[in-house]
Amino acid sequence: LFSMFLVVYRQDWWYIPEIIVRTVLFFFLLWPVYQIGGLGAGDCKLLLFIGMFLPIKISIFIYISSMVLAAGIGVARNAIRIMFLKISPVSGIHFSFYIFAVLLALIICLSVIQ
């Protein structure tokens, strides 16, 4: 809705099909992960919001990189908890932190390159 408001406000009507394609693409990318419990609804909304405003290649890079980062840190955290601390593993993660970390790293890298 926010994207559509900006389109109407700026009168960039040519941008509407691109917003629709991005939203549908990311919805179908996120839906299976949400259904199996890999992401919460808030994380899905955050990734959809990022996907609407950034180019598709960068959005997919953020999606995949944040998944890989979260998986790596989650495995390392649970390995430390099981092997060294002798306590039970944690099953859930706060995924928005990893999305923010990847987005921040991407912004820093792109600003250094330019």
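**Exercise 1.** In which handedness of crossing does α3 pass α5?

*Solution.* A quick note before we start: this is a predicted model, where local features need pLDDT of at least 70, side-chain atom pairs count only at pLDDT 80 or more, and totals for chains, interfaces and linings use all residues. Residues are numbered from 1 along each chain as its sequence is written, and side-chain values use heavy atoms, leaving out hydrogens and water.

Step 1: find the helices, which are DSSP runs (H or I, at least four residues) numbered from the N terminus. Helix α3 covers residues 41–53, and helix α5 covers residues 95–113.

Step 2: take the axes, lines fitted to C-alpha atoms over the stretch in contact, with angles from 0 to 180 degrees between N-to-C directions. For α3 and α5 they come within 9 Å and cross at roughly 20°, so the two helices are roughly parallel (angles under 35 degrees).

Step 3: α3 passes α5 in a right-handed crossing (the near helix is turned clockwise from the far one by less than a right angle).

**Exercise 2.** Which side chains meet in a salt bridge, and at what N to O value?

*Solution.* Step 1: look for a side-chain nitrogen of Lys or Arg within 4 Å of a carboxyl oxygen of Asp or Glu. The structure holds 1 such salt bridge.

Step 2: the partners are E18 and R22, at 2.4 Å, N to O. Both sit in helix α2, 4 residues apart, about one turn of the helix.

Step 3: check cover. R22 is buried at 6% relative accessibility (buried is under 20% relative accessible area, exposed over 50%, partly exposed in between, with a 1.4 Å probe and protein chains only). E18 is partly exposed at 30%.

Note on methods:
Angles under 35 degrees count as roughly parallel, over 145 as roughly antiparallel, 65 to 115 as roughly perpendicular and the rest as oblique.
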